[in-house]
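Visitor: Could you walk me through this one before I set up any calculations? I'd like to go place by place.

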Amino acid sequence: MNKSEIGKLSIFAITWPIFVEFALQMLMRTTGTLMLSRVSDDAVASVGVANQIIMFAILTFNFIAVGSAVVISQYLGAKKSTEEINSVVGSSLGINVVSGIIMSLGVVMFSGTLLNVFGLQPELFTMAQEFLYIVGGALILQALITVTVAIIQSHGQTRYTMAVTLGMNVVNIACIYLFVFGPFGIPKLGVLGVALSTVISQLLALIAHLYVLRRIVGVRIGIGHLTKWKLEHVAKVLRIGVPSSMVNISYNASQFVTTAFVSSLGAQMLTTKIYTQNIIFIVMIIGIAMGRGLQIVVGHLIGAGQIEEAYKQTFSTLKASLVISLAGVALICLFRVPLLDLFTDSSDIIRMGSALLLLGFLLEPGRNFNILFERALQAAGDARFPMISALLVMWLFSVPLTYYLGIHLGFGLVGIWAAFILDEWVRGAVLYVRWKSRVWEKKALVKQQEEAVSG
């Protein structure tokens with residue numbers, strides 16, 4: 001891939017569809033929450049807790065999705081053969097089929113045990129378990145969607161995944177309306193209706209993504225690609241995917257523990273956390289989208305041997321992401337009360353949620369540092385360092401601090417948010433130092449392959 005070809009993969013061209021896609025996903029989640037809030041705050045809390053478990057399960061699928069995206073990006077940058085890239089794709093899809101089946105069975109079989117961690121009231125427990133039976137039982141759909149989207153985006157075709165997500169949202173919102181509000185004599189199913197809507201929209205989205213993969217991206221795989229996994233490719237995918245996903249799994253595990261802390265403060269505090277995170281998520285996805293776009297471009301640049309360009313691109317992307325994120329926080333804070341009022345009439349929830357949203361001015365810049373340098377290091381093949389640093393900071397510093405400030409000292413959600421802020425900034429600073437050290441330059445996957453062949 002020459003310089004002009006890499007130039008076509010601009011951060012803006014790659015990132016804006018990813019941002020819209022994430023925003024649409026947020027819209028789907030927020031719409032469900034908003035509609036459920038018309039049923040009861042208990043319904044919102046139960047689905048929020050159940051989704052903590054679903055999201056934790058989904059993160060296991062990223063072992064393959066993230067790894068395959070980085071490997072494919074570097075292979076495309078190095079102009080590897082179509083057959084070799086198809087082999088990576090087939091192995092990734094095959095592995096996630098197996099993972100999806102295992103996770104679907106696990107969540108359904110152990111739903112009660114998992115929910116007991118949160119100490120939910122009987123009514124909330126029943127609704128949350130009902131949700132897990134449906135959405136958890138269909139996790140294989142999400143397993144295939146996760147890896148398919150990563151593969152399509154690594155080819156630079158982010159607009160197509162955005163378009164599919166738009167369609168998925170339309171279907172999901174329409175189904176939620178039908179099943180929750182029950183027009184035309186349709187039974188009102190409440191939490192069950194939200195679960196069914198999720199599965200229906202995911203099934204249709206998977207079909208569309210597979211079509212894009214074959215017809216637009218041009219990846220054609222057969223049964224042999226899906227069942228005969230090439231050890232060399234699987235090893236490279238896992239080398240990036242396992243440590244990269246461990247960061248996300250560890251983060252969500254810490255959020256799992258934190259949600260249990262918040263649950264101990266009462267249903268109102270749990271509901272406040274869920275409403276606030278639904279609102280601030282629109283700002284969070286700015287950094288997430290910029291990080292994903294940066295990972296694709298850096299992967300291509302590293303594969304093409306343009307190390308210096310990859311180094312500079314990371315810092316220029318960080319500057320842009322910080323400016324946009326802070327502007328987003330300012331806009332949300334300006335309308336924080338009307339936004340919270342969409343979800344609840346409780347003055348206590350609105351007051352506390354408003355305070356938490358204002359803390360976004362401190363939280364989101366740290367999150368940007370953390371996400372962008374983590375993604376850049378992963379794209380360069382240096383995935384173990386972000387994993388090790390994240391595990392150490394989260395479990396030796398952040399989680400204990402969350403309990404100490406929020407529960408032991410009695411600062412509640414404000415104390416818990418303060419711990420969130422410190423966690424993002426400490427991890428971001430560590431990864432910044434790593435990127436500046438340029439140790440990652442020796443970790444390129446394509447370079448290692450070439451050395452093995454020449455040896």
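This is a predicted model: local features need pLDDT of at least 70, side-chain atom pairs count only at pLDDT 80 or more; totals for chains, interfaces and linings use all residues.

Visitor: Okay, what is phi of Phe184 near?

Guide: Phi of Phe184 is near 60°, a positive value in a residue other than glycine. Most residues other than glycine have a negative phi.

Visitor: And is Phe184 buried or exposed?

Guide: Phe184 counts as exposed because its relative accessible area is 78%, and the cut-off for that word is over 50%.

Visitor: Where does Lys79 lie?

Guide: Lys79 belongs to the loop between α3 (41-77) and α4, and although Lys79 is not a glycine, its phi is positive, at about 60°. With a relative accessible area of 54%, Lys79 is exposed.

Visitor: Switching to charges: how many salt bridges does the structure hold?

Guide: There are nine salt bridges in the structure. Glu364, Arg367, Asp423, Glu424 and Arg427 are linked in a network of them.

Visitor: Which side chains meet at 2.9 Å, N to O, around Arg367?

Guide: The side chains of Arg367 and Glu364 form that salt bridge, at 2.9 Å from N to O. These residues are about one helical turn from each other, because they are three residues apart in helix α16 (residues 360-379).

Visitor: What about Asp423, which residue does it form a salt bridge with?

Guide: Asp423 forms a salt bridge with Arg427, and the closest N and O atoms are 2.9 Å apart. Asp423 and Arg427 are four residues apart in helix α18 (residues 412-437), so about one helical turn separates them. Both Asp423 and Arg427 are buried.

Visitor: How far apart are the closest N and O atoms of Glu424 and Arg427?

Guide: For the salt bridge between Glu424 and Arg427, the closest N and O atoms are 3.7 Å apart. Glu424 and Arg427 both lie in helix α18, three residues apart, which is about one turn of the helix, and both of these residues are buried.

Visitor: On the surface, which residues gather in a patch of negative charge?

Guide: A patch of negative charge on the surface gathers Asp41, Asp42, Glu123, Asp341 and Asp345. One of these, Asp341, is placed in helix α14 (residues 336-341) and is partly exposed, with a relative accessible area of 43%.

Visitor: And the nonpolar surface patch, which residues make that?

Guide: Ile101, Leu105, Met109 and Phe110 make a nonpolar surface patch of about 440 Å². Met109 has its place in helix α4 (residues 82-109) and counts as exposed, at 61% relative accessibility.

Visitor: Which helix holds Phe261, and what does Phe261 touch?

Guide: Phe261 lies in helix α11 (residues 231-264), and, not counting residues up to four places away in sequence, Phe261 touches Val399, Thr402, Tyr403 and Ile407. Phe261 is buried, with a relative accessible area of 16%. The C-alpha atoms of Phe261 and Ala45 are separated by 14 Å, and these residues are 216 residues apart along the chain.

Visitor: Last one, Leu144: where is its place, and is it buried or exposed?

Guide: Leu144 has its place in helix α7 (residues 139-154), and with a relative accessible area of 17% Leu144 is buried. Leaving aside neighbours within four places in sequence, the contacts of Leu144 are with Leu93, Val97 and Leu206.

Visitor: By how much are the C-alpha atoms of Leu144 and Gly299 separated?

Guide: The C-alpha atoms of Leu144 and Gly299 are separated by 22 Å, and along the chain these residues are 155 residues apart.

Terms used: Residues are numbered from 1 along each chain as its sequence is written. Side-chain values use heavy atoms; hydrogens and water are left out. Patches are made of residues with over 30% relative accessible area and no salt bridge: like charges are joined within 9 Å, nonpolar side chains (Val, Leu, Ile, Met, Phe, Trp, Tyr) within 5 Å. Accessible areas come from the Shrake-Rupley method with a 1.4 Å probe; for residues, only the protein chains shown count as cover. A salt bridge is a side-chain nitrogen of Lys or Arg within 4 Å of a carboxyl oxygen of Asp or Glu. Lys and Arg count as positive and Asp and Glu as negative; His and the chain ends are not counted. The place of a charge is taken as NZ of Lys, CZ of Arg, CG of Asp or CD of Glu. Helices (H or I, at least four residues) and strands (E, at least two) are DSSP runs, numbered from the N terminus. Buried means under 20% relative accessible area, exposed over 50%, partly exposed in between (1.4 Å probe, protein chains only). Contact means heavy atoms within 4.5 Å.
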